[in-house]
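Q: I have a new structure to look at. Can you walk me through it?

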Amino acid sequence: MSQVGCVGGGWYRIIFDALEQAGQLGEPVTYQQIKEKWGELRIYGRTVRGQYNPPGDAERRLMEILDAARAASLVTCEVCGAQAVAERTRVRCTACAEKNPVHLVCLSAAGVISHQ
Ligand SMILES: [Zn+2]
């Protein structure tokens with residue numbers, strides 16, 4: 001299974017919820033990339049239809065879902081999922097601030113979540 005990227009396991013719930021909402025759009029979604037950038041969770045995805053057509057309702061809704069995930073990541077520790085405050089480049093709760101993520105959550109192009 002080809003992965004499009006991995007981020008801290010603390011963001012698993014955010015990713016799971018976003019993918020579940022995207023799965024209810026009624027159009028297949030493919031994911032190009034998932035990464036942490038400037039302390040934010042970035043999930044890049046498109047509806048299959050949206051890759052060849054002007055953005056439709058499903059595409060616009062998908063962008064809202066993925067942007068909501070980005071916003072949620074700013075207050076969620078990327079290591080353990082606890083409430084946290086964004087630092088410059090990382091979002092970690094106080095207890096995890098001295099550690100690096102031990103567990104990673106990875107995403108495939110088909111939207112399958114796995115752990116490393
Ligand atoms: Zn934490």
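Q: Start with α2. How many residues has it, and how far does it reach?
A: This is a predicted model. In it, α2 has 17 residues and reaches 25 Å from its first C-alpha to its last. That is close to the 24 Å expected at 1.5 Å a residue.

Q: Which residues of α2 are buried?
A: L62, I65, L66, A69 and S73 are buried in α2.

Q: Why are they on the same side of α2?
A: Because they cover an arc of only 90 degrees around the axis. As background, an α-helix has 3.6 residues a turn, so residues three or four places apart point the same way.

Q: And what does the face turned away from the buried side carry?
A: That face of α2 carries exposed residues: D57, R60, E64 and A71.

Q: What do the buried residues of α2 pack against?
A: They pack against α1, β2, β3 and β5 (91-92).

Q: New topic: the largest nonpolar core. Which residues there touch the most other members?
A: The core has 18 residues, and I15, A18, I43 and A69 touch the most other members.

Q: Which elements each supply at least two residues of this core?
A: α1 (12-22), β2 (29-37), β3 (40-47), α2 (57-73) and β6 (104-108) do. The largest share, five residues, comes from α1.

Q: Back to A18. What is A18 in contact with, leaving aside neighbours within four places in sequence?
A: A18 is in contact with I43, I65, L66 and A69.

Q: What about a second core, and which residues does it include?
A: There is a separate one of five residues, with V79, A84, V91 and C96 among them.

Note on methods: Residues numbered from 1 in each chain as written. Predicted model: local features only at pLDDT ≥ 70, side-chain atom pairs only at ≥ 80, totals over all residues. Core = buried A, V, L, I, M, F, W, Y, C linked by C-beta atoms within 7 Å. Buried ≥ 20, exposed ≤ 12 C-beta atoms within 10 Å, placed from the backbone. Helix = DSSP H or I, 4+ residues; strand = E, 2+ residues; numbered from the N terminus. Contact = placed C-beta atoms within 7 Å. Expected span 1.5 Å × (residues − 1). Arc of directions from axis to C-beta.
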